[in-house]
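Please keep the sequence and the structure in view while reading.

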Amino acid sequence: MADPRRILIFQTAYLGDLVLATPLIDASQALFPGAAIDLVTLPAWAPLVEHHPTLRQVITFDKRGADRGLGGTRRLARRLRGEQYDLALCPHPSFRSALALRIAGIPERVGFHDSAGAFLWTRKVRRDHAAHEVVRVLSLLEPFGGGEGAPAAPRVALDPKLDIASLKKRISIGASEKLVGLHPGSAWATKRWPAQRFGELARALRSEFDRVLVFGTASEGPIVDEVLRYADERTVGLAGALSLSEFAAIISQLSAFVTNDSGPMHVAASFGVPVVAIFGSTVPAFGYGPFGTRHRVVEQGLYCRPCGPHGRTACPEKHFRCMLDTDVAAVSAALDALLAGH
């Protein structure tokens, strides 16, 4: 293939999947310096990449809302056809993604061999299930001689117009306070360390940090409230209080972040924030642990782990030991070791 003039990256999965796909943006530009690069993602996640310096534009696809169904897929495909892309790189394994790119008439379409729509790719790359997702995504460039060498870290681009100092003031955080963040939520119940223990951890961190911030979406308000019940007055609940851009900006200011296996874990790691990640029903070996070296994973070696690729609504063994056996002391010790450089 001649060097492409226009490249499209297609990732409409979860927040963490988008963050872990961002190294593909710069790697594509390095391999094809003259190409314009665009990205398709969900409207909810667009604020994390719309200011990325390498992207020409971000196209949103509201597949669960206004663009759901075949009609929405066709509308997206018509728009993509008008952009006249030469190459599409698609880490997302869904059939709908492959179909949209095929209908769009993009001549080169690269995806993984085990994707639901793999028969629609012009080039298939074997997914290495033993590798980290960042490495897997970059392997989509292998057919063109790329995807090798040390992978770059994920990169979230902050809104340059956002005034972080004013934002801190709005949520009652001092300009020079040493901050630690907690994220007790997850879409899956079996990936959540008990909220009470997050609250107890917040109290245990009182001597190390000026302020403890508890993050969550508006729907995770009850979880954050439960954390606050067991925390102290230095703990600030931020459920539903921040836009995604604001959330990323505050995350970038943290001295440490303690989280369940979730999208925010990857956002924090992308800024180089030291991360302690608590894993329950899932395992880092799936390739979705925090990327880089500034992290520690706390997990239990149980016969029943992992019990699913994404987590579950309830423990299938009915004991939930993967999280209940993880105490506050273990998480606190992991954080101390991480910050001490051990």
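Helices here are DSSP runs of H or I with at least four residues, and strands are runs of E with at least two, each numbered from the N terminus. The model is predicted, and in it Gly105, which comes just after α4, takes a positive phi of about 75 degrees.

**Overall form**
- The protein chain has 12 helices and 12 strands; its radius of gyration is 21 Å, close to the 20 Å that the globule rule gives for 342 residues, so the chain is as compact as a globular protein of that length.
- Of the 342 residues, 55% count as buried, while the chain exposes about 14500 Å², of which carbon and sulfur atoms supply 51%.
- Among contacts with a separation of 6 or more, 61% are accounted for by residues 24 or more positions apart.

**Nonpolar cores**
- The largest nonpolar core has 31 residues, and those with the most contacts inside it are Leu182, Trp193, Leu201, Val258, Val276 and Val331; α12 gives the most to this core, with 5 residues.
- Leaving aside residues up to four places away in sequence, Leu201 touches Leu182, Trp193, Val258, Val328, Val331 and Ser332.

**Helix α4**
- In α4 (residues 95–103), Ser97, Ala98, Ala100 and Leu101 are buried; they cover an arc of only 160 degrees around the axis, which puts them on the same side of α4.
- These buried residues of α4 pack against β1 (6–10), α3 (69–83), β4 (87–90) and β5 (108–112).

Notes:
Residues numbered from 1 in each chain as written. Predicted model: local features only at pLDDT ≥ 70, side-chain atom pairs only at ≥ 80, totals over all residues. Heavy atoms only, no water. Core = buried A, V, L, I, M, F, W, Y, C linked by side-chain atoms within 4.5 Å. Buried < 20%, exposed > 50% of the residue type's maximum accessible area, 1.4 Å probe, protein only. Contact = heavy atoms within 4.5 Å. Arc of directions from axis to C-beta. Rg over C-alpha atoms; globule rule 2.2 N^0.38 Å. Areas by Shrake-Rupley, 256 points an atom, 1.4 Å probe, with all protein chains shown as cover.
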